[in-house]
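Please consider the following chain together with its coordinates. The paragraphs below lead from the overall arrangement to the sheet, the helix, the core and a few individual residues.

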Amino acid sequence: MVVRLREGEALRIGEHGTAAEASAQAADAVAQISAAASSGTWPLFAGRYLSPDTIVSVDLLEESPDT
């Protein structure tokens, strides 16, 4: 799972064994971004505080077993 930023950077924030686990973390990430935007704070992802207005999307990626 990655957070995509406005400038095109993709920040990996998690890996999961099932789509349900990834979806649950993605929903949590979106909630964190929304709460941060409402309160004027910045969420922390992968050791970085990100301004909510720089975040474009939270993407679930399916990787093949040989990657």
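**Overall arrangement**

In the protein chain, 51% of the contacts with a separation of 6 or more are between residues 24 or more positions apart, where contact means heavy atoms within 4.5 Å. This is a predicted model, in which local features need pLDDT of at least 70 and side-chain atom pairs count only at pLDDT 80 or more, whereas totals for chains, interfaces and linings use all residues. Residues are numbered from 1 along each chain as its sequence is written, and side-chain values use heavy atoms, with hydrogens and water left out.

From the N terminus on, the order of the elements is β-β-α-β-β-β. The C-alpha trace spans about 40 × 25 × 20 Å along its principal axes. Of the 67 residues in the protein chain, 28% are buried; buried means under 20% relative accessible area, exposed over 50%, and partly exposed in between (1.4 Å probe, protein chains only).

**The sheet**

Three strands form an open, antiparallel sheet in the order E2-E1-E5, two strands being paired if DSSP finds at least two bridges between them. Strand E2 (10-12) and strand E5 (55-59) stand at the edges with a single partner strand each, so one side of each lacks a neighbour in the sheet. Direction ignored, neighbouring strands of this sheet are turned by 20° against each other on average; the axes are lines fitted to C-alpha atoms, for helices over the stretch in contact, and angles run from 0 to 180 degrees between N-to-C directions.

Strand E1 (residues 2-5) is joined to E2 by three bridges, in the antiparallel sense. These two strands form a hairpin with four residues between them, and glycine 8 in the turn has a positive phi of about 100°. Within this pairing, valine 3 stands opposite leucine 11 in E2. E1 also pairs with E5, again antiparallel, over four bridges. Here arginine 4 has serine 57 of E5 as its bridge partner, and leucine 5 has isoleucine 55 of E5.

**The helix**

Helix H1 (residues 19-39) comprises 21 residues and reaches 30 Å from its first C-alpha to its last, close to the 30 Å expected at 1.5 Å a residue; the expected span is 1.5 Å times one less than the number of residues. Its buried residues are Ala22, Ala26, Ala29, Ile33 and Ala36. They cover an arc of only 90° around the axis, which puts them on the same side of H1; the arc is that of the directions from the helix axis to the C-beta atoms. An α-helix has 3.6 residues a turn, so residues three or four places apart point the same way. The buried residues of H1 pack against strand E3 (44-45) and E5, whereas Ala20 and Ser38, on the other side of H1, are exposed. Glycine 40, with a positive phi near 75°, follows H1.

**The core and its surroundings**

The largest nonpolar core has eleven residues: Met1, Val3, Leu5, Leu11, Ile13, Ala26, Ala29, Ile33, Phe45, Leu50 and Ile55. Such a core is a set of buried Ala, Val, Leu, Ile, Met, Phe, Trp, Tyr and Cys residues joined through side-chain atoms within 4.5 Å. E1 and H1 each supply at least two residues of this core, and H1 gives the most, with three residues.

Leaving aside neighbours within four places in sequence, valine 3 is in contact with Glu9, Ala10, Leu11, Ile13, Leu50, Ile55, Ser57 and Val58. Leucine 11, which lies in strand E2, is buried, with a relative accessible area of 11%. With the neighbours within four places again set aside, leucine 11 is in contact with Met1, Val2, Val3, Phe45, Ala46, Arg48 and Leu50.

Alanine 46, in the loop between E3 and strand E4 (48-49), has a positive phi of about 50° although it is not a glycine. Most residues other than glycine have a negative phi. Arginine 48, in strand E4, is partly exposed, with a relative accessible area of 31%.
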